[in-house]
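Reader: I am new to this structure. Please show me how to read its surface.

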Amino acid sequence: MYVRIALNIPSDKVFSYSVSDRFIPYIAVGMRVLVPFGKRRMTGYVVELCDEKDRDDIKDIIDILDVEPLFSERDLTFYQWVSDYYIHPLGKTLRSILPGGIDIESNRWICLSRENNHIERAPLSSGQREITDMLTRHPVGISLKKLQQEVNRINIYDDIKKLTALGLISTEDRLRKPDVKRKTEKIVSLTGNHRQNLRLTGKQQMITDLLLERGTMTLTSLNENITYASAVIRRLEKKGVVVVQSREVYRNPHETYDLGAHEKPKTLTDEQATALSEIMGGLTSRRYAPYLLHGVTGSGKTEIYFCAIEEILRSGGSVILLVPEIALTPQLLSRVKKRFDKNDTAILHSGISQSEKFDEWRRIMKGDARIVIGVRSAVFAPTRNLRLIIVDEEHDPSYKQDDRITYNARNLAIVKAKLNAAAIILGSATPEIQTTFNALERDFTYISLTKRVDDRPLPHIDVIDMKTEKDNKGKVPILSRPLKAAIQEALAAGKQTLLFLNRRGYTTFLYCHDCGYIFKCPNCSVSMTHHMSEKVLRCHYCDHTLKAPPMCSQCKGYRISNYGIGTEKVESHIKDLYPKARVERMDSDTTQRKGSYGRILMSLNHGHIDILIGTQMITKGHDYPNVTLVGVLSADTSLNIPDFRASERTFQLITQVSGRGGRGDTPGKVIVQTFNPNHYAIRRACHHDCQGFYSDEIAQRRYFGYPPFSRMVNFRISSLQKDAAKYCARTLKAVAQKLVHNESATDKIRIMGPAEAPIARIKGKYRWHMLLMGNNIRELQKLAREILAETKKLEATIKVDVDPVNFM
């Protein structure tokens, strides 16, 4: 027998290996195997079983690493589609999809040779001398990857080869054990020999009686009940009274939060009942059925989701429920656990450990968990009998991943539903323009919920023109006078307030009054954000941190001032204005610890927070009846980014955060602060006019030929060398023009750029973009592959982003 193996290397090839007789009964598609590859041993993924070999010099697999497959052949079909569509090698795609920390890899280990007395006299280049000096500081050796990091060079292979030939260093192959393993526990049970007339000590009899009473027990629980139980059990085992065995246990990532009061199904409104009836038709058809559920905030979309899930579970199917942010999972999980069997639910997101994700993944694969809840990566879950996918807040850009494989989970959910003949519900109060276009012009079924549950009114929105607001010093204040007064009224009434600002930190940047110098990140083309509580400046792109300086590094002046505001400064300002208020902040700085999202939201739910300040993680999905006031501190932040979707993002953010207010018996109020009160995105958001915004925006998209009237593929070029990045970008343009000209496709494909990225440098790498635009995505992908094939030897990193969302 032979197998085809995908490896985590930058190649589209799969490799053939033979399977020895001892492995044949156990090997299957979807398993991981350890294989020889060149001088290394690597973890590979079985993608095909075959009876014939495709070459003579074929090698055997070394070992099988899984007891059961991690994915099925149907899952593999989906993963292969993802690999092909996003122009990402299959092996690297599988490595990104599967739980992290489970693979065995071999590391190339490098150390100084024992006979290196002549190292000082050896004719070495400066780069080779740098390597030997580094190895001198690591007497036991160092991995190749670590050595590359220490000398800050990737291409050190020629130097390693020369030093090895001179006998100054030695290299060897070492296996690195996986970080994640199955968790087991020891269980103790009686054998039946306890009925014989054996002489037992007091403790031995105590353990025997306990096992007779409770049956099988874990060794841990026995140790908790009886002192030195382990030693006693070893003696009982020798006497044949008990048997000790190991069994696998799953780690539990589910934290318990009591958020929301939705314990029982609610009576549906007429609109909800009509919507559910439409969806039920698709669920029972056993065919691909896409729905856009467009409901205003508070219209009860989640209740429709739950009714649909109940129908799927009754018929033996499984469901994937996607949310865009980890912050949305605590409240959703709380509601799910009150409605469904918690043992039937699995969660997948970056907030759980690698070990927990590994266990959850295998529970899903076995069919033990039929409801999968998670962020974008949960779309890859190996569900059995998938019948429904729900994408909540489908408009959210968080569904798009920017690093490694640049997939869009919302789009992939549609593909997965097609492959599985399943229904898919895309839910949002502010659907993406593309999704609305699909519903109006293509095969999506459009379902509308125009009213809130119990006929509660949508919040009233006031727009404050900040050009007319000045404080005592003539500066623009953080809070306008109407917002200050509204916060005071909410506090007096015992109600809660949300304040939204999509920038964390204390101030935007520090600058010197004397010479005008702005403190910038040494690795990125951005200013460093001041974090007052930590007394540091931090880059939000590479995380470079330094202590807030007392003086200017350029002119040595001491007049250092700050500019702009972030959530940390707003928090400080609010505490000064309302000293008796209970104020909390929710952003990526305050939610780094596991469970922090849930703890903050539980405090809000239980009324322990009066004013919550946050970034976009507070803008969507949350349902807290006592929140009656919402303040948008700067509606212009998202308007000013260089992106054709800027207006759409602004409309969605304002509408979503506004929808957090007035969900209880008290009507909500929203105050939007802006310098552009007449912009159509802001005007439409303030009137809750989604259809009007769509009409405004789609006309502009059609005029300029932007999606949904075209497709895009973006080339992202980066290099540590400024000239190398620029040269690579220009070479890509020349190659693209030649290929387009040869194919006579100049009227179908436009080449835009190359141009420096808006943020020209991140993490020390200079960045350029080149954009391909056309009507046929397959033609764009074909051209992209041809460009990559002809530019392999360029000394820069080239990444292809199909259907790009982030142009920064």
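**Reading surface patches**

Author: Start with the nonpolar patch of about 200 Å² made by M1, I24 and L49. This is a predicted model: local features need pLDDT of at least 70, side-chain atom pairs count only at pLDDT 80 or more, and totals for chains, interfaces and linings use all residues. Residues are numbered from 1 along each chain as its sequence is written, and side-chain values use heavy atoms, without hydrogens and water.

Reader: What are patches made of?

Author: Residues with over 30% relative accessible area and no salt bridge; like charges are joined within 9 Å, nonpolar side chains (Val, Leu, Ile, Met, Phe, Trp, Tyr) within 5 Å. Areas come from the Shrake-Rupley method with a 1.4 Å probe, and for residues only the protein chains shown count as cover. A salt bridge puts a side-chain nitrogen of Lys or Arg within 4 Å of a carboxyl oxygen of Asp or Glu.

Reader: Where is M1 placed?

Author: In the segment before β1 (2–7). Helices (H or I, at least four residues) and strands (E, at least two) are DSSP runs, numbered from the N terminus.

Reader: Why does M1 count as partly exposed?

Author: Buried means under 20% relative accessible area, exposed over 50%, partly exposed in between (1.4 Å probe, protein chains only). M1 has 33% relative accessibility, so M1 counts as partly exposed.

Reader: Which residues form the positive patch?

Author: Lys and Arg count as positive. Here the patch holds K186, R199, R234, R235, K238 and K239. Helix α8 (residues 229–238) gives the most, with three residues. K239 lies in the loop between α8 and β12 (242–249).

Methods: Charge placed at Lys NZ, Arg CZ, Asp CG, Glu CD.
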